[in-house]
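This report goes through a few local features of one protein model. The sequence and structure come first, and the description follows.

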Amino acid sequence: MADQRDFDLALSTKWFAKEPPAFPLPSMKALGPCTSTYGWTWEQDFSDTTKTLICAVLWTDTKAMTKVRVTWRRSDPLGTVKAEQKHYRASPPPSEENLDKAHKLYGENIAAWAEDTIGTTVGDGECWTLIQRALMDIADTYRQYGKEPPLLSQGRTHGHPILNITMPSVGSNTGLLQLADVRRGDILELKSAHFHIITEEAPKKMPGQWGKWQKGAGEKNIRLSHHTAIVVGVEGDAVRVVEQNGSVPGGVGVERYDLGDTGMKRGEVE
């Protein structure tokens with residue numbers, strides 16, 4: 001996107017002064033699917049307040065980015081507004097250091113937010129809505145404290161992919177969660193997934209046989225065409241997730257998915 005010309009920012013519409021700002025602009029959306037974020041700062045003197053809006057838009061397909069910085073005086077937005085924009089090529093994959101920094105900034109808050117919603121219904125009850133609301137609420141909180149917010153999901157894309165498991169596979173999937181460093185607060189996207197889950201039940205007395213107990217077991221098959229969930233724990237090759245419209249139809253619940261060779265029978269996880 002080095003050759004990207006500056007966008008017409010249509011400052012006369014005062015989109016920048018709205019709360020929330022009307023961003024990205026239509027001319028930006030016309031280039032394809034994109035996601036965006038923004039943050040405010042302000043300085044107050046004796047007579048007026050100077051406000052600064054910093055916005056960023058990321059195109060899903062090309063991973064190119066444009067940042068826009070707008071400043072104005074609150075008493076006369078149109079008469080004092082100034083704007084600049086910068087365009088960036090698609091960036092290389094983030095380093096392990098930056099991924100670790102992002103996890104420390106957002107991971108625990110995303111997981112804790114999800115756990116607080118267990119037993120409720122978020123929005124329309126769909127799985128994707130849980131992730132959308134989590135990221136939006138956390139982004140709003142970070143902006144209030146002048147911190148960089150997380151990027152919101154764009155469709156089924158949630159940040160930088162670090163894991164891809166496909167079944168059936170040629171090799172073993174054992175240990176992939178550790179190799180990818182999947183952690184609490186990461187977001188899983190499941191496609192055409194089929195899990196076979198064995199569950200242990202409490203021992204039961206055997207009828208007519210004094211002192212003898214039988215260890216029970218149950219099983220269930222879970223099939224998910226498209227599903228999104230938030231990781232709240234990693235246990236070997238399995239993940240504990242908070243999800244909506246999964247184990248609890250139309251509501252938020254907890255499930256455990258074994259992504260190893262014995263639990264996941266078919267599908268893709270990333």
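Pro 20 is found in the segment before helix H1, which spans residues 26-29. The model is a predicted one. In it, the peptide bond that leads from Glu 19 to Pro 20 is cis, with omega near 0°. Pro 24 also lies in the segment before H1, and the bond from Phe 23 to Pro 24 is cis, with omega near 5°.

A further backbone feature concerns Asp 181. Its place is in the loop between helix H5 (176-179) and strand E6 (187-200). Phi of Asp 181 is near 60°, a positive value in a residue other than glycine. As background, most residues other than glycine have a negative phi, and most peptide bonds are trans.

| Site | Angle | Value |
|---|---|---|
| Glu 19 to Pro 20 | omega | near 0° |
| Phe 23 to Pro 24 | omega | near 5° |
| Asp 181 | phi | near 60° |

The next topic is a pair of helices. Two packed helices are described by the angle between their axes and the distance between the axes. For helix H3 (residues 96-116) and helix H4 (residues 127-144), the axes come within 10 Å and cross at roughly 125°. H3 and H4 are therefore oblique to each other. Their crossing is right-handed. On the H3 side, the contact is made by Leu 105, Tyr 106, Asn 109, Ile 110 and Trp 113. On the H4 side, the residues are Leu 130, Arg 133, Ala 134, Leu 135, Asp 137, Ile 138 and Tyr 142. By class, the residues of the contact of H3 with H4 are nine nonpolar, one polar and two charged.

H4 also takes part in a pocket. Which element gives the largest share of the lining of the second largest pocket? That share, eight residues, comes from H4. Strand E1 (34-44) and H4 each supply at least two residues of this lining. About 390 Å³ of space lies in the second largest pocket. Of the 22 residues that line the second largest pocket, the closest to its centre are Phe 23, Thr 35, Ser 36, Met 136 and Leu 152. The residues of the lining divide into twelve nonpolar, seven polar and three charged.

Technical notes:
Residues are numbered from 1 along each chain as its sequence is written. This is a predicted model: local features need pLDDT of at least 70, side-chain atom pairs count only at pLDDT 80 or more; totals for chains, interfaces and linings use all residues. Side-chain values use heavy atoms; hydrogens and water are left out. Axes are lines fitted to C-alpha atoms, for helices over the stretch in contact, and angles run from 0 to 180 degrees between N-to-C directions. Helices (H or I, at least four residues) and strands (E, at least two) are DSSP runs, numbered from the N terminus. Angles under 35 degrees count as roughly parallel, over 145 as roughly antiparallel, 65 to 115 as roughly perpendicular and the rest as oblique. A crossing is left-handed if the near helix is turned anticlockwise from the far one by less than a right angle, and right-handed if clockwise. Contact means heavy atoms within 4.5 Å. Ala, Val, Leu, Ile, Met, Phe, Trp, Tyr, Cys and Pro count as nonpolar, Asp, Glu, Lys and Arg as charged, and the others, Gly among them, as polar. On a 1 Å grid over the protein atoms alone, a cavity is a set of points where a 1.4 Å probe fits but cannot get out, and a pocket is an open set with protein on both sides within 12 Å along at least five of seven lines; lining residues have an atom within 4 Å of a point. Grid points are joined across faces, edges and corners, and a volume is the space filled by probe spheres set on the points.
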